[in-house]
Amino acid sequence: MRLLSSATITTQPPVAQRMRWLLIGIVVAYVAILILAPVGALIVGAFSHGVGALLATLRDPDAQAAFSLTLQISLITVAVHTIFGTVVAWVLVRHRFRGRRWLNALIDLPFAISPVVVGYIILLLFGAQGLFAPLTDALNIQVAFAVPGMVLATLFVTLPLMIREVAPLLQSLDQEPEHAAATLGASAWRTFWRVTFPALRWGIFYGVALTFARALGEFGAVLVVGGDIQGSTETAPLYIFRALDNRNDSAAFSVALVLGLLSLTLVFGIERLRKRARV
Amino acid sequence: MKRLFAALLVSCSLLTLLAGCGANASANGKSVTLILGAYSAPQEVYARLIPMFQQQWKQQTGQDVTFKQSYLGSGAQSRAIVNGFQADVAALSVAPDVDAIAKAGLITHDWTNTPTKGMVSTSIVAFAVRKGNPKGIHDWADLARPGIQILTPDPKTSGGAQWNILALYGAAMRGYVTGVAQNDPHAALTFLEAVLKNVKAFDKDARTSITNFEQGVGDVAITYESEVLTAQAAGKDDDLVIPTSTILIQTPAAVVDANVNRHGTRKVAEAFVAFLASPAAQQVFASSGYRPIDATVAQANAAKYPAVTDLWTIDFLGGWKAVKASFFGDSGIYVQALAAVQGQ
């Protein structure tokens, strides 16, 4: 994700120079078509029925409940993955044990499975006829078609993000300072917080941003697990989908705009802060 | 570092502010929550029926009813309820989807034992075409013309899709498809294959199918008459085409015993299902694009719903139990036809 220093490409012949601009042009056009055009269309769509329609949507109790739920699920997901993701990355990088490679490969599985299938798997486990149904019934908790199942689905779908941000940093981290700290009598815990963590923190924050953004946008898995019950298991993306189904385009665009802005702010914000901290 | 936390904090609290207003009032003794699991099409009509029922129930009992609603494809909704979505009332588009819930042991009463045989609304299978009908699609035979692009949902998840297939096949068997011999299963199957060959997309439910049509996909959407009328009411310029021969779509609603027992909502759930079949509710169905099941209401709305030359019911094909196997079973007519088309 790091940009190359511009100092390395100052002395080049004109042909290479031209190639360089061509390449930059292609990349800019590519990003513009894939990202800017849809974002532009979204903004136009959201305001096409006037600011009044946008505000009316944001006042709709169902829309607010959807935002609230999306936020809850995303925050829980981020909290869990921040802790466990870092621990998993630590174990994978620092420890050698039988099955490590296997575990390492397993981590990427959520990228390979369609979220809809993830949702269905959770239903197979926690649904009324599911494997764990006797357990959840005995404890009187509802997982399927309720928020816990949706959290579980989102956790599954976002699992690799934090680990894959933190692990490379840990891998390339020079362990000398840690050894020095230990030699100087610092406890393992103190060494982690004072020496290791500062080196990892941008990886962790980037992981947080990606996990949060992904959790905000999750659709298929939470649809299948939650059943899209309005005002109850309807997240913001599900609200958008239902609004489109109801031909309520302005509501769909408005919620999509807010959701998109949240994700963008998060990703850009972290990127900016990281850059500033580096300088 | 501090800045970052500040930024995170601000964005989080903004979100919470936005979201916090959405917190619902908690339930008290004078209120009851009813969970409705419905198929995708009737969202607009329930948006009108529910406030009426809430008012009626309040008058009768003094209780406030809060509704929790979910709309999925009929098959998907039925599976969700079987899998543990605790809907008190299931309103689905085909009877077998209700039977599937009964088979799972969640509906224990004979849900067809009502004055309307468990049905709450009716419609017919019809076509949505582009404004002015540029491709000249007037009847079933036109759907098999080469180059016509058709949208119809996927029978695996959508009840509406099943009605579409049955209507098409039945019309052919009844001799209402030009060029297809009457009562000739082989000819009807060939016709079904010819139409399936023209299908551009099998969407997951009836509503998605017609909204995709409105986004510009395809020349014709096979769908409920009520879906086309709902689209027109929403300002879309789809044209409605009613074929000469079509099936009467009968959509059921039933109380889910296991869930009402768990929630203590049997009374209000039963009242809601009875309300749906009442003349007052049927008038709302009628003004929302559905053909009323109540004879008096039907008469009052006769002008809006032109009579079909040849209107028939699922009984012509032997009833749902037979159809489930003969059409949608592993070696059913539809499954075979689809395999033949996709194999080519």
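A salt bridge is taken here as a side-chain nitrogen of Lys or Arg within 4 Å of a carboxyl oxygen of Asp or Glu.

**View 1. Salt bridge between Glu44(B) and Arg207(B) in a predicted model.** The side chains of Glu44(B) and Arg207(B) meet in a salt bridge, with an N to O distance of 2.8 Å. The structure is a predicted model in which local features need pLDDT of at least 70 and side-chain atom pairs count only at pLDDT 80 or more, whereas totals for chains, interfaces and linings use all residues. Residues are numbered from 1 along each chain as its sequence is written, chains are lettered from A and ligands numbered from 1 in the order in which they are written, and side-chain values use heavy atoms, with hydrogens and water left out.

View 2. The contact (heavy atoms within 4.5 Å) takes 26 residues from domain 1 of chain B and 30 residues from domain 2 of chain B. The area buried between these domains, that is, the accessible area (1.4 Å probe) that two parts lose on being put together, summed over both, is about 2,000 Å², and carbon and sulfur atoms give 51% of this area. Across this interface the rule finds two salt bridges.

**View 3. Phe272(B) in the largest nonpolar core.** A nonpolar core is a set of buried Ala, Val, Leu, Ile, Met, Phe, Trp, Tyr and Cys residues joined through side-chain atoms within 4.5 Å, where buried means under 20% relative accessible area (1.4 Å probe, protein chains only). The largest such core has 115 residues, and those with the most contacts inside it are Tyr46(B), Trp140(B) and Phe272(B). Not counting residues up to four places away in sequence, Phe272(B) touches Leu34(B), Leu36(B), Tyr46(B), Ile50(B), Phe53(B), Phe67(B) and Val89(B).

**View 4. The surroundings of Glu225(B).** Glu225(B) counts as buried because its relative accessibility is 1%. Residues touched by Glu225(B), not counting those up to four places away in sequence, include Ser123(B), Ile124(B), Arg291(B) and Tyr305(B).

**View 5. Residues 4-28 of chain B, where confidence stays under 50.** For this stretch pLDDT, the predictor's confidence in each residue from 0 to 100, stays under 50, and the model has 21 contacts beyond four places in sequence. Chain B as a whole averages a pLDDT of 90, with 91% of the residues scoring at least 70.

Key: Buried means under 20% relative accessible area, exposed over 50%, partly exposed in between (1.4 Å probe, protein chains only).
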